[in-house]
Amino acid sequence: MSDLLNGLSQAFWLVVTLDPDLVEITLRSLRVTLTALLVASLIALPYAALLAVRRFRFRRTTIAVLNALMGLPPVVVGLIVYILLSRSGPFGVFGLLFTPTAMIIAQVIIIVPLIASIAHQSLRELWSDYHDLLISMNTTQSQRIRAILWDGRRALLTASLAGFGRAIGEVGAIMIVGGNIDHVTRVLTTAIALETGKGDFALALALGFVLIAMAIAVNMTIHWLTQTEQEGRW
Amino acid sequence: MPLMPMTATGALSRRRGKVLVGPVDLTLATEGVTIVIGPNGSGKTSLLRMLHGIARLNAGDITWSCPITEAREKQAFVFQTPIMMRRSVRDNLMFPLRVSGVAKPEARARAEEWGQRIGLGEALTRQATVLSGGERQKLAIARALIRNPEVLFLDEPCAALDGRAMREVEEILQNAVSGGTRIIMSTHNMGQARRLATEVIFMLGGLVHEFSSAPPFFEAPRTPQAQAFLRGDIVE
Amino acid sequence: MKNLLIGAMTAALVATSALADDMKMAVTTSFHNSGLSDILLPEIKKDLGLDVQLLIVGTGQALRLGEAGDVDAILVHSRKAEEKFLAAGNGTHRREIMYNDFVFIGPKSDNAAIATASAAADALQKIEAAQAPFVSRGDDSGTHKKELSLWSAAGLDPEGFGDWYRAVGAGMGSALNTASGMNAYIMADRASWLNFGNKGDLALLYAGDPVLFNQYAFIPVNPEKHGHVKNDLAMKLENWLVSDKAKELINSYTINGETLFVFNAKQ
């Protein structure tokens with residue numbers, strides 16, 4: 001119990017004094033996860049729309065696989081990406097291992113299935129609403145996809161924020177491909193793992209509280225910027 | 001090239017093995033208002049959807065007087081439950097124009113003009129999903145008419161409307177007819193049928209049971225089922 | 001004017017390239033937890049202009065990274081594994097730098113009475129006899145291998161142990177956490193123990209047997225196998241690690257007044 005209170009008070013002091021180490025790893029956490037979120041959304045959302053709108057034989061299988069991939073243990077993804085990016089591996093020449101870029105790559109792989117799966121569910125509903133109308137208007141495939149992506153944007157935001165939540169708290173994969181190198185690839189979650197390993201629970205908790213607060217702040221900012229939950233707006 | 005006349009030969013539509021409508025042999029001339037009537041389940045909706053092309057044609061042919069690629073462009077369909085896009089009234093009206101490649105400023109102007117015409121001038125920025133039933137149907141019709149279609153299909157457009165809304169809708173439709181739009185519409189309301197029809201299709205059991213011009217049909221229908229139907233009896 | 005610009009750009013370039021010297025070294029959790037790296041790294045930066053980026057992993061992973069050429073050098077403490085590493089051509093040579101010692105930690109109540117043991121083997125035999133809960137690293141690390149060799153020297157085989165022997169498969173800190181939570185015995189390196197923040201009811205019960213000494217060695221990754229490794233920087237680092245300055249820093253490093261490491265490199 002004292003650890004929790006110590007953690008809270010340490011968190012408070014670290015934030016209020018703008019502890020430089022804390023600021024550095026927090027900004028790096030944000031940079032890695034937000035970049036991964038952007039890239040993953042650019043891949044997952046149009047893909048989910050295509051999946052919702054297009055008729056093809058293996059739709060059901062594809063969706064089942066997508067849903068199953070959501071359960072991929074992040075640490076396994078990390079291991080696979082490590083093997084690919086290792087100097088002894090196929091993409092070693094790019095020297096990406098143990099850099100924030102490697103961490104972004106791993107996180108993109110982890111959250112794309114999640115974002116696509118959630119987005120697909122709402123886009124599919126929207127499509128079944130619009131189906132007759134858009135076919136009757138003789139729209140092209142690309143016009144249909146753009147229409148449901150735009151009209152369904154609130155649900156897409158929800159899907160993206162789910163991806164953000166998964167990525168910001170992820171530690172297994174980025175530990176392996178990032179290496180938790182001080183001042184280079186250390187982020188909030190890997191620092192928490194390190195401090196926990198050292199037995200410094202109070203500091204680990206403090207970093208944990210900062211992480212939670214930051215995740216809440218990001219979510220609230222995005223909701224405020226896009227003005228959801230306002231009267232009269234869908 | 002004009003769309004009409006249109007000919008259906010042996011046209012049949014199936015779903016999950018069951019025949020919804022057909023086989024149908026029909027020719028619709030260039031001018032007029034065709035009203036489709038018949039008991040529930042007789043295939044009115046399926047006929048309209050099949051002629052328009054959104055229900056699959058499993059047998060037979062539907063031939064328009066222009067190539068099939070142009071045909072869809074020049075038609076529009078208003079569904080029984082109006083499909084509202086989750087955007088503003090104005091954006092709903094602009095959508096079909098933008099799809100056809102009309103530039104944004106022009107599309108916007110035309111959308112606003114139509115919005116005024118149907119009495120939703122004040123509601124242009126409101127979300128279409130918050131409109132009342134009558135307002136939605138008027139919006140759906142305006143959205144269908146905004147591209148100046150040659151043929152307008154309507155599936156029981158006034159089924160859920162009150163008297164005033166129905167009057168407004170019929171006025172819009174009459175204006176469209178005077179403007180040269182060919183209307184093919186199903187309805188349950190015999191009064192409306194009599195008011196609007198120049199010719200009548202009476203459906204029964206998925207088939208065209210009677211097809212004739214309006215005045216003789218209403219005065220003296222040929223078949224006993226049509227007679228019974230007009231009397232108000234239950235027809236199977 | 002143009003010359004001034006070129007001069008300025010060159011100076012900037014030189015300055016940045018001077019700042020840009022960095023290399024990656026895999027070290028063990030035991031080494032990092034001692035806190036010694038926090039003392040050494042800034043001095044290395046100052047003296048050599050070299051940024052040593054530490055990857056803190058278990059011994060097994062450190063050797064794997066060296067084998068794959070993902071790091072430029074490794075610093076581990078597991079002689080047999082190191083020799084295997086060199087035999088496979090993964091490193092150029094091993095250079096002994098310093099040693100610390102392992103200690104036996106356990107609950108203050110000391111049910112197995114190892115505080116009065118005569119030797120490390122004796123302490124382990126007492127633990128086995130009492131079937132007292134014992135946490136093992138279980139992760140094939142230098143520490144783990146040392147622990148297994150000690151059991152073997154005491155004539156015991158962990159394969160046959162009962163539930164009281166708990167192999168956790170984790171780093172030193174995590175294993176200590178687990179021992180603290182279970183109030184169990186555990187073998188740890190002195191440095192990790194002194195720096196450990198969650199001691200709970202545990203205390204240092206036995207130490208001093210020479211067989212518990214723990215030798216750290218530095219191995220540069222073989223540039224013939226992996227052409228891209230920064231072997232020149234690794235050699236620079238090695239020379240610094242065996243220098244008098246390093247000797248001074250290592251020998252005078254204390255936690256709570258206790259020295260941890262003894263510098264024993266042949267200079």
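Two residues are in contact here when heavy atoms lie within 4.5 Å. In this predicted model, 74% of the contacts in chain A between residues at least 6 apart in sequence join residues at least 24 apart. Chain A also touches chain C, and the contact draws on 16 residues from chain A and 22 residues from chain C.

**Chain A by itself**

- Chain A has 10 helices and 0 strands, so that its elements, read from the N terminus on, run α-α-α-α-α-α-α-α-α-α.
- Along its principal axes, the C-alpha trace of chain A spans about 65 × 50 × 30 Å.
- Chain A consists of 234 residues, of which 47% count as buried, and the chain exposes about 11,400 Å², with carbon and sulfur atoms supplying 68% of that area.

**The interface of chain A and chain C**

- Between them, chain A and chain C bury about 1,400 Å², and 55% of this area lies on carbon and sulfur atoms.
- On the chain A side, the residues that lose the most area to chain C are Arg87(A), Phe98(A) and Lys198(A), which together account for 35% of what that side buries.
- Helix 9 of chain A, covering residues 188–197, gives the most to the side that touches chain C, contributing 3 residues.
- By residue class, the side of chain A that touches chain C divides into 7 nonpolar, 6 polar and 3 charged residues.

**Polar and charged pairs across the interface**

Conventions: Residues are numbered from 1 along each chain as its sequence is written. Chains are lettered from A and ligands numbered from 1 in the order in which they are written. This is a predicted model: local features need pLDDT of at least 70, side-chain atom pairs count only at pLDDT 80 or more; totals for chains, interfaces and linings use all residues. Side-chain values use heavy atoms; hydrogens and water are left out. Buried area is the accessible area (1.4 Å probe) that two parts lose on being put together, summed over both. Helices (H or I, at least four residues) and strands (E, at least two) are DSSP runs, numbered from the N terminus. Ala, Val, Leu, Ile, Met, Phe, Trp, Tyr, Cys and Pro count as nonpolar, Asp, Glu, Lys and Arg as charged, and the others, Gly among them, as polar. Buried means under 20% relative accessible area, exposed over 50%, partly exposed in between (1.4 Å probe, protein chains only). Accessible areas come from the Shrake-Rupley method with a 1.4 Å probe; for residues, only the protein chains shown count as cover.
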